[in-house]
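Here is a short briefing to keep beside you while you look at the model. It starts with one residue and then moves on to the whole chain.

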Amino acid sequence: MTFSTLEYKERIRKTKERMMEKGIEVLLITDPGNIYYLSGYNGWSFYVHQMLILIIDEDQPMWIGREMDANAAKVTTWLYRDNIIPYPDDYVHSETKHPMDFVAGFLKEIGQENRSIGVEMENYYFTAKCLERLKKAMPNSVFKDATLLVNWVRLIKSDTEIEYMKRAAVIAEKAMKAGIEMINEGVRECDVAAKIFHTQISGTEEFGGDYPSIVPLLPSGEKTSTPHLTWTDERYKDGDAVILELAGCYKRYHAPLARTVQIGKPSEKLKTLASVAVEGINACLDMIAPGIACEEIEETWRKTIAKSGFVKESRLGYSMGLNYPPDWGEHTVSIRKGDKTILKPNMTFHLIPGLWLDNYGFEVSESIRITENGCETLASMPRDLILKEYV
């Protein structure tokens, strides 16, 4: 198993505490990151409906998923075999049946249909039809919004989780260096992406990599004015800047990393933008410590860059770690004005002070862990604009 049974049981205990606070007796979990967190289930099956059911007065959760994926649950989870319940394949992409019909029937069978049921309403993997079918089949149930209930339990990482993220950071650093080394005039963007992918998956001789939740983001030239573009088959030109944002991933735990590369001579405005962003992130890293609020980090950043005249409207970072596509973020804490979450040891964040202007931008980021006295970056690479003379 990925974690010890004791660690899974402690996660279950903390989740049940939150269930009791919200008056939830049965929790239906569909976020694959949360399913993995509480059970260990790990398969590329989240494109069909699957679920972990946690009942307040039962020791173990129950997994429900497609029949062909039941053996994956047996292989990857700590669950009793009787707690792995497959639904027949004719529920998949059917116009007349829905997997939630099966779930509702199962809950009725075990006497849970008249209880308070929590569902993750704001979730990529739980659709409007899911809730509609559950409500229709169980009219006496009280449905409550349990969005992010498990995500908040995940906020403080165990020592094992931190070790997995540190391994992911080693992979991230290796992939970043591979991408930077290959970027040059005349090289195709897609070939750089392929090199990064290969490095992410092959990992190191000691441990291999997993597939990250987000593909490498590689905007270049004027496209550096926006963060979430991937790659094309175009070739880099002299004078292009290239933003690389990627992550290493180990056992579903991520360590994102971003850097910016310049092919040939950089413009004065890009050099200025880079120096401002680097000064800002360094100031934040110097002041981050347990006991402060997330909004204090953003305030430090804002005050540091204010003298330059630049303004960043988007958040400065977010809690991250375990997840599945399409995102490595945990969707809980944000480093921005108004977020008063107090930092505690073993919280982990992606600190990403990117600045994207009308036709150019600069991005640098670090995956950080809050320590007993401050913070540590999981990777170790220079943060300045990386200059490459074209060949």
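In which helix does Glu-161 lie? Glu-161 belongs to helix α7, which covers residues 159–182; helices here are DSSP runs of H or I with at least four residues, strands are E runs of at least two, and both are numbered from the N terminus.

A word on the ground rules: this is a predicted model, where local features need pLDDT of at least 70, side-chain atom pairs count only at pLDDT 80 or more, and totals for chains, interfaces and linings use all residues. Residues are numbered from 1 along each chain as its sequence is written, and side-chain values use heavy atoms, leaving out hydrogens and water.

**Around Glu-161**
- Glu-161 is buried, at a relative accessible area of 2% (buried means under 20%, with a 1.4 Å probe and protein chains only).
- Leaving aside residues up to four places away in sequence, Glu-161 touches Phe-3, Glu-7, Arg-11, Tyr-37, Ile-156 and Tyr-253 (contact means heavy atoms within 4.5 Å).

**The fold as a whole**
- The chain contains ten helices and 16 strands.
- Its radius of gyration is 23 Å, close to the 21 Å from the globule rule for 391 residues, so the chain is as compact as a globular protein of that length (the radius is taken over C-alpha atoms, and the rule is 2.2 Å times the number of residues to the power 0.38).
- Along the principal axes, the C-alpha atoms fill a box of roughly 70 × 45 × 40 Å.

**Packing**
- Of the 391 residues in the chain, 58% are buried.
- Among contacts between residues at least 6 apart in sequence, 69% join residues at least 24 apart.

How values were computed:
Buried < 20%, exposed > 50% of the residue type's maximum accessible area, 1.4 Å probe, protein only.
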